[in-house]
Amino acid sequence: RPCNALFLKSGLVFQAPPNSVSMLDVGMLVYAGLFVLAVWRKVCFYWCCGMWLSILNYMSLLYLLVGTALGYLLIGFYQAAQIPVDVVEYPELKDLWSVGWLKPFVLLAPIATCVTVALGWLLTESHIFEIHKRLSMTKHDRAVQIIALPTVFGLMALASMLPVFELTTGSITAEMLKSPWYDFQPLNILSLFQARQPGDKPASWNDAKLLAFWRYETCMYVADIFEAWVLYQFGRLVLEQVRESMSKEEETSALDSETPAHLSKVERDLQDSHAAVTSLTWVGTSLFVVTCVAQSAASLWPYLGGSQEDQEALMSHLQVAGFVTSCAAIYNLVVVEQAFHRHLEPLRPLLKFMTVKMLVSLCFLQKAVLTGLQIFNQYLPGAMQTVIRRVPLVGDIVHLTDLQIHLFYPALIIYECLLLAILHLLVWKSNEPWYKESQKESLNYTENDPLLLKG
């Protein structure tokens, strides 16, 4: 089997064999990075001791993390893509690319991820510029987090595909099953430039598949964390906009001496109902965030010495809880949209709600629909299955193998993230009038403001 040559500036040439690919657990890396950035946002926001953090604000650091992880994934992905499918070690792979359109569909996904990240950063920069001017800082900050959703979700979808590609190359060894930091052991870094030793026998198919699918799920759970957090931030943005609109109406009524007394009572009742809806919305979205964090933590349980049997039992319960809490969170936002639509008109709520709910809904519904179609097809008579197989695209999808689904599904999500990033350019512009309604935010800081924001 021919080897790939890696040329360095020094003129040295190292032979990197096709079966030496990387095994860093990107999901765990991003999980830790998101936690650190959440703390950094609370401490510094966009200023530190009165100094503007041009590059070191948490959003710029997020895109730095995304860019670093994306570079690593691109190298590993296309390196693995050049390696022939190892049907000798794993005969189960002989039909991997039996569907003609699947391979180009999957191989173009990383390019779509790069475009998604670029579009997200360009739009984010326009909002950060407004934050630098101290104009509606809170609104713009919530907006940039929402804008980052397709970027982070697309990145994690790409990360979930890499271990599946590594599975097809026969490069997963028994040693790789022991640690998420396999690449960062000194001897293993050097092995990237050495041929695999005779003793480095690939793991068995079942063990290798278990590792690949495990890391696949870990990446998707990390994406769910950010998705839940964005849903929470969008809920806060919407309810703050409603409260701001109601406050303006109250001020207008107070200045109007002809306002009937019963209308003032109605306004107070409306404010009370807003407070109740706000509390209920926080319950739904907060539970969704907590459930997603628990899912991600549980997916790392085997690294901490736990058994995979216990993990599977726990994950099955958390998946049900995640589905229920996500439905509750989305329903809460739908109720808010319908109940306070008049107050949200400056926000152009239809498109904004659609962009936030689209990815959440699609991710949960798509997986259920794909699984349901495949199960339904299995119970059909043989003649009907033959007819369905001849239906363009649909026939291929319902007959995809488990391994093919684990490549097709994240690639589909990546293209949807690209579509969502394009919609964000139209929906989340930084110069919309509703941002300017609050104008410059007060510089009278409270105990709830970031600790190092005060100069």
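Which helix is Phe35 found in? Phe35 sits in helix 1, which spans residues 26-44. Before the close-ups, a word on the model: it is predicted, so local features need pLDDT of at least 70 and side-chain atom pairs count only at pLDDT 80 or more, while totals for chains, interfaces and linings use all residues. Residues are numbered from 1 along each chain as its sequence is written, and side-chain values use heavy atoms, with hydrogens and water left out.

**View 1. The whole chain, for orientation.** The secondary structure comes to 15 helices and four strands. Here helices (H or I, at least four residues) and strands (E, at least two) are DSSP runs, numbered from the N terminus. Of the 455 residues, 48% count as buried; buried means under 20% relative accessible area, exposed means over 50%, and partly exposed lies in between (1.4 Å probe, protein chains only). The chain exposes about 22100 Å², and carbon and sulfur atoms supply 67% of that area. Accessible areas come from the Shrake-Rupley method with a 1.4 Å probe, and for residues only the protein chains shown count as cover. Among contacts between residues at least 6 apart in sequence, 83% join residues at least 24 apart, a contact being heavy atoms within 4.5 Å.

View 2. Phe35, Val36 and Val39 form a nonpolar patch on the surface, with about 310 Å² of accessible area together. Patches are made of residues with over 30% relative accessible area and no salt bridge, where like charges are joined within 9 Å and nonpolar side chains (Val, Leu, Ile, Met, Phe, Trp, Tyr) within 5 Å. Phe35 counts as exposed because its relative accessible area is 59%. Arg41 also lies in helix 1, but at 19% relative accessibility Arg41 counts as buried. The side chain of Arg41 makes a polar contact with the side chain of Tyr58, at 3.4 Å. A polar contact is a pair of N or O atoms within 3.5 Å; within protein, one must be able to donate a hydrogen and the other to accept it, and residues adjacent in sequence count only if both atoms are side-chain atoms.

**View 3. The nonpolar core and Trp428.** The largest nonpolar core has 106 residues, and those with the most contacts inside it are Tyr46, Leu62, Met156 and Trp428. Helix 8 (residues 205-255) gives the most to this core, with 21 residues. Such a core is a set of buried Ala, Val, Leu, Ile, Met, Phe, Trp, Tyr and Cys residues joined through side-chain atoms within 4.5 Å. In soluble globular proteins, nonpolar side chains tend to be buried together. Not counting residues up to four places away in sequence, Trp428 touches a list of residues including Leu123, His127, Phe234, Leu237, Lys352 and Tyr435.

View 4. Look in helix 4 (residues 109-132) for Leu123, which is buried at 8% relative accessibility. Leaving aside residues up to four places away in sequence, Leu123 touches Ile147, His424, Leu425 and Trp428. The C-alpha atoms of Leu123 and Ser430 are 7.9 Å apart, although 307 residues separate them along the chain. For another pairing of this kind, Thr138 and Leu237 are 99 residues apart in sequence, with 8.5 Å between their C-alpha atoms. Thr138 belongs to helix 5 (residues 137-147) and is partly exposed, at 29%.

**View 5. Salt bridges.** A salt bridge is a side-chain nitrogen of Lys or Arg within 4 Å of a carboxyl oxygen of Asp or Glu, and by this rule the count comes to seven. Glu432 pairs with Lys352, their closest N and O atoms being 3.0 Å apart. This pair links distant parts of the chain, with Glu432 in the loop between helix 14 (402-427) and helix 15 (433-436), and Lys352 in helix 11 (residues 349-378), 80 residues apart. Are Glu432 and Lys352 buried or exposed? Both are buried. Salt bridges that share partners join Arg142, Arg236 and Glu240 into one network. Within it, Arg236 and Glu240 meet at 3.9 Å between the closest N and O atoms; both lie in helix 8, four residues apart, about one turn of the helix.

**View 6. Two loop residues with positive phi.** Arg134, in the loop between helix 4 and helix 5, has a phi near 60 degrees, a positive value in a residue other than glycine. Leu393, in the loop between helix 12 (382-389) and helix 13 (394-398), has a positive phi of about 65 degrees although it is not a glycine.
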